[in-house]
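Me: I would like to learn how to read strands, helices and domains in a model like this one. Could you take me through some cases, giving the general idea before each?

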Amino acid sequence: MKKILWLLPIAFILMFTSTSVNAETPYTTWAWGPGGGLIRTQDAYTPLTEIDLPISAAEDLFVTSDGSIFIADTGNGRILELQDFDIVASYGEGILKGPTGLFVDDDGTMYIADGKQDSIVILDRNGNLINQFGRPVEPLFGQDKEFLPRKIAVDARQNLYIISEGSANGIVMMNTNGNFVGYFGANTAKMSLKMILQRLFLTKEQLAQFIKNQAASPSNIAIDRQSLVYTVTAGTSRWESISTFTISGKNIFSGTFGSTSFRDINVSDNGLMITVDGNGQIYEYDVNGALLFVFGAQDTGDQRLGTLVNPTGIDRYEDYIYVLDKDKNVLVVYQTTAFARLVHDGVRLYMDGFYSEAKPYFEEVVNYNGSFIWSYQAIADAYFKERDYSNALAAYKYAENPYGYSQAFWELRNLALQQYLGTALVCLTGLWLLQVVAKRLDKRYRWSNPIRTWFKNLLQYKLVDDFVFMFRFIKQPADSFYYIKKNLRGSLGFAALLYALVVVIRVLSLYCTGFTFSKYPSPAYIRVENEVVIAILLILLWNAANYLVSTISDGEGRVRDVIIGSAYSLFPYVLFALPIALISNILTLNEIFIYNFSLDIMWFWVGLILFLMVKEIHNYSVSETIKNILTTLFTMALFVLTGYILYVLFNQLFDFVSAILQEVRLRG
Amino acid sequence: MVRIYRLFQGLILVGFLLGSSARPLDALAFGGGEPSVLAAQPEIGDVDWRNHQEIPDYFELVAENDNFQLYVDQSTIAFKVLDKRSGYIWSSNLDEVTKDDKLNKTWTAFARSGISIDYLDQKAISERLSITNSENTLNVNLTEDGFQASVKFIDPSISLVVMVTLEPDGVRVEVPFESIKEEDPDFKLGLLYVYPFFAATKEDSVPGYMFIPDGCGSLVRFGATTKATNILYARYYGSDLGMLASIPYNPMVNRPYNFSIPVIGMVHGHKQNAYISVIEEGASYAQVQMHPAGVITRFNFLFNAFIYNESYFQATNRSGAGVITLQPSTNAYDVKIHYRFLTGDDSDYVGMAKSYQKYLVDKGILQRSADEDGDIGIRLEFLGGEKEKVLIWQRLIPMTTVDQMAGILENLDVKDPEVIYYGWQPLGASSMPPKSLKLDSGLGTVHQLASLADSIVASGGNFYLYLDPQAALMGEKGYSPRYDLAMSITNFNLTGYNNRNEENYYFNFDAVSERYSALSEDVFSELNAGLALDGIGSMLFSDFKSKNVLNRENAIISYQQMLAEDDGITSFYLPNDYMFGYVNAYYDIPLTNNGYVYTTDVVPFLQIVLSGYVPVYGTALNFSSNITDELLRHVDFGVYPSYFLTYDVTAKILNTRSNWIYTSSYAQWGDEIERTYKWLDNLLGPVEGQAIIARKVIVEGVVATTYANGKQIIVNYTNRPFSAGVISVNAKDAVIREVVP
């Protein structure tokens, strides 16, 4: 009674929709920022209070649309109903043993997954038993499949979506009579390189000792008004931990940033999704899976308000988030801040398609935090809808959205084309005519002779000659390697120059690639030193490995030949990488074929010439060449491996020596 | 008849207060006042809740002055103080322990003995001994104003002397270091508990609360139950980095505020009796331990325990194996605690704060601030520049040049700005500040800066350069890792991160002093400016660098001497009490507490202590998620506003170490700054430089704060307008009015 008595004032607090900030928030709040990273932002939620409840190891929580809170009091085998944080009823005592999952529909019917007796219990508004059933009897369910219901959700047509522990086939769908309907939305199993290697080399008996590589079963489930099913899965990678399924069971989220220990998920009617993980971190998304905020901290014994020990359930009611903590036996209440309310209002309008109406909200959000890139997406879409393409272009770039950027650019380019195409065509035709006439006249009057002789004189310089030699490879690659081999043309100096060019062009092309095609959202993210080091390392490894391999496999090439030959083999890259990068600036995703295809051709060309190089320089047959190249690649891999092993060994040595020194210092 | 009436009144009151222990959250939610019940019932005449209010005859009177009588029980060295003004008796210990108290033998001894110790053996296993449950020799000698007790615990051969002296304001307890003897090399003194059960109350038998200096101040009301699951241990000034070597960096967590003033206290009966205990010496090795009733025992008590020896983990290899070892020598410092007793109207947290303020003023630490021109200050902190990497070299991104800063200040309609220039050094914020005054050439010249400083000072403001004198930023040049850095007991360089999210090492005192003196001399002579000191006011560590060992207590003295040598003005971010003498302005003052779930109220204790003496500024409002509420709290607590500004757009520093500044552009914030300044200036301007003398919660969410000059500010945190009599305050607003002092 005492406890209930003192819960009253809290209800009183909650009556005011907006109270002041309480204690210092024990956590910082992060939002999705530029470059695929998280950035600090103003608090989205502040902890309001912690409500002690007479519960034990409670596993689930459900808040109805009128704000009643239902708690699956697992340890005490009952369902509690709270109104204004006051316990008003207790259901299912005697029927339930250990309710772990709970769903309450609009009529107040309670659907309960009882983890202790592995059955589903359906209770009416007053707690009377409607139905109780266990493992489906249908053969379709699978003969040796276990039925271990833990969580439950129910859609508008009263289909039960049941999370069965360890079920690799996905969510179990049943109807209220306990008939099996089917499996739904399974996760996919992943093969790692290690597993592939194991499968290659291990015997059947050895393999049998491993746990079967099965898809992780989801850990919790939520369902929205449109009967879309959302699940979270613990123990998978961050990027696969959260999914949403269409009615047909297809996952439509991809690349949503999550957590590896998600516990619960909730989707609200206003287009917001929240999840909580085992570390006490709360993630908020829009319903499309775009991350809005991450915040929360673990209670390490400090008992600071807003920290969590072992959260099991999360739900939202109006401006408040409720989190159930299994170890503390409390309900922790968080309150939306003015800043987050601004974001939410904008998100709601945006999700409903009112882009222009949402824009002012996000413009203010950006005022508060210029790195909150979600807002730029909304602002960009609004501009695009308003046909203000140049502003949309800029905003899409901030939002790091190449698709939107490409679309806006297409529109802009279209406008430009319409305006200038005629003039441009006339000019081009004029230029072409001029060139034809000039050529004719030149043939007759030989105007260009002085230039020709000057050019011929230039060829006396070795480097210039080496440069011109490069173009020979276009027409006669095999021939040209002969010249190299016979020391007739090409030089180590120019090879070095070519390698340097390759590195420079590599870096430049990264900077020059258009936003639509660049893998970096902004040139600021290009790690120049990495690019340079990797390029140089590859060149060195190739040359060293190829020479070493060839000397022991009857290759004729000398070091010099290999170095010069390899350098000249890279000429397609030197000639075309930069122009392709530049052209990408005026292409849109509609023409992605042009971009990708020209890149493919360029690399194929490089590969082809490298192949010819090995063949000609070392005087191999085709099969020998293939063998040589493969061995070279293998040797390169071994070099890297050796380097790594040496690194590890030296590290160990260093550890050993430093440990001895420590010990000596301590005892001595 | 009167007696019965009083008893009845008292019972009702106790009932109310019982209920009110159920109401703490209201107070928390609404700006930290007390619920109306407590505040609206000041006339508590009845004393029926009295606890152990008789002095048993085995106590003898040893000293007396105008206000107090001091009694001692020679067998346990427990003492009692009779407050002659009210007749209230303060007890340092429980006189007797009943079955109902449910204390076991160890706890009974702990509760009955004046002092207890934890001693450590060579394996660092600790054992607790109290006077009444150990073999010891105890000699009590009466002195002129009190008594002196020398105790020797026979088993571990540890002896010490406790001196208790009556003072005009209360009682002083001392344990001089030279009296501590550890004669058996196998045993070391670990912890010393000094009068741990002082003023302990049982469950909710006494209406009142405990005060802890958590954030701006927290109260924990006495109750029969508590939300706490373990007792609170907190080192003043934070834990000793010298013993830990590193603070793990977790950007997801907001670090809790350190206990920055060594003050704890209790109220026994609202507006009836209260005490505070102030540690004058030894605070840096003291630890508050607070036991709310319901954790371990049924008593509410809080006390200081003093740390003399600690064990630490000495790793012997890099993979983390190692041994637990005792520190090589005992921490050397004297313990000196003042208990100050309050009575009547002063017996609440405001009175406690005023008592501490008086203590600081009497010691000459706080001096009245001269500025009373009727306009509040506003802290404007400008980021000069930050560096970025271009290919393989670094360049400065200028965010606010000196000229741009001058332009902004000229434009902005605020008075008395408190301007701080951050990131002024060559290559900006995350490079090491030079030893002489050198500005990055991309920001301007020293000459320009000097004339800007002059014009700011001429307009009534202050100008400071930001400096974190202890921080040796990781990965930066400009110091010698070998000679300049402080070391932990495990012989590692100390590592941590500062308030600006930069990982750093810590300079040893010699390096701090050398660098600081060189730079401050330049700044104070070449500019009309001061230094805004971060880090050094709040970060206190012992340094175990060989031949140069400096413990925390000596570090305090060294820092104070270093600052005393200069006569330039210095302001501090979150300074601890030992810096108060050098604080011209206090930045980032907490407006709240750490949110321990068992604390029941947030109170502006720190603000009341400093009110009238040091202007206090909050954290930068650009990072606030709810500016309206934050401003209300500024007004309520008498705190001046702060903003963090850049001239250029914030996006430019997104990929730098300064990316914790996620919003700062003047173009975005200019109007907001003027609006908030104007609003706050109207309210807080008339009470500038005035001390807070009373604070009262009128109804839930409406708080009245009264200043020494008779002005009262009423803040309404709620969403509804408030009116009572002549007072009317709009929802989420505040008013100022004249009250009869």
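Reply: Let us begin with a pair of strands. Strands of a sheet pair through backbone hydrogen bonds, in either a parallel or an antiparallel sense. Here strand 27 (residues 417-422) of chain B and strand 28 (residues 462-467) of chain B run parallel and are joined by four bridges, and Glu418(B) stands opposite Asn462(B) in strand 28 of chain B. Strands, as runs of E of at least two residues, and helices, as runs of H or I of at least four, are taken from DSSP and numbered from the N terminus, and two strands count as paired if DSSP finds at least two bridges between them.

Me: Before we go on, what kind of model is this, and how are its residues and chains labelled?

Reply: This is a predicted model, in which local features need pLDDT of at least 70 and side-chain atom pairs count only at pLDDT 80 or more, while totals for chains, interfaces and linings use all residues. Residues are numbered from 1 along each chain as its sequence is written, and chains are lettered from A, with ligands numbered from 1, in the order in which they are written.

Me: Which strands stand at the edges of the seven-stranded open sheet of chain B?

Reply: The seven strands of this open sheet follow the order 34-33-32-28-27-24-36 (chain B), with parallel pairing. Strand 34 (586-587) and strand 36 (642-645) of chain B are at the edges, and because each has a single partner strand, one side of each is left without a neighbour in the sheet.

Me: How does the open sheet of three strands in chain B pair?

Reply: Its order is 29-31-30 (chain B), and the pairing is antiparallel. Strand 29 (471-473) and strand 30 (495-497) of chain B are its edge strands, each pairing on one side only, and the twist from one strand to the next averages 50 degrees, where angles run from 0 to 180 degrees between N-to-C directions and axes are lines fitted to C-alpha atoms, for helices over the stretch in contact. Strand 30 of chain B is joined by three antiparallel bridges to strand 31 (residues 503-506) of chain B, in which Tyr505(B) faces Thr495(B).

Me: Is strand 20 of chain B mostly covered or exposed?

Reply: A residue is called buried if 20 or more other C-beta atoms lie within 10 Å of its own, exposed if 12 or fewer do, and partly exposed in between, with C-beta atoms placed from the backbone. Strand 20 (residues 299-307) of chain B is mostly covered, since nine of its nine residues are buried. Phe299(B), Phe301(B), Phe303(B), Ala305(B) and Ile307(B) point one way, whereas Asn300(B), Leu302(B), Asn304(B) and Phe306(B) point the other way, and all are buried. Strand 20 of chain B also has antiparallel pairings, including one with strand 19 (residues 286-291) of chain B over six bridges, where Gln289(B) has Phe303(B) as its bridge partner, and one with strand 12 (residues 188-194) of chain B over four bridges, where Val194(B) is partnered by Asn304(B).

Me: Where is Asp107(A) found, and is Asp107(A) buried or exposed?

Reply: Asp107(A) belongs to the loop between strand 8 (99-104) and strand 9 (110-114) of chain A, and Asp107(A) is exposed because 8 other C-beta atoms lie within 10 Å.

Me: How do helix 12 and helix 13 of chain A cross?

Reply: A crossing is left-handed if the near helix is turned anticlockwise from the far one by less than a right angle, and right-handed if clockwise. The axes of helix 12 (residues 492-512) and helix 13 (residues 528-551) of chain A come within 10 Å and cross at roughly 145 degrees, in a right-handed crossing. Residues are in contact if their C-beta atoms, placed from the backbone, lie within 7 Å; among those that meet are Tyr499(A) and Leu510(A) in helix 12 of chain A, and Glu531(A) and Ile539(A) in helix 13 of chain A. The contact divides into 10 nonpolar, no polar and two charged residues, where Ala, Val, Leu, Ile, Met, Phe, Trp, Tyr, Cys and Pro count as nonpolar, Asp, Glu, Lys and Arg as charged, and the others, Gly among them, as polar.

Me: What domains does the assignment give for chain B?

Reply: Domain bounds come from an automatic or database domain assignment, which for chain B gives domain 1 (2-362), domain 2 (378-468 + 509-537 + 554-690) and domain 3 (695-738). The contact between domain 1 and domain 2 of chain B takes 35 residues from domain 1 and 29 residues from domain 2. On the side of domain 1 of chain B that touches domain 2 of chain B, helix 6 of chain B supplies the largest share, seven residues.

Methods:
Two residues are in contact if their C-beta atoms, placed from the backbone, lie within 7 Å.
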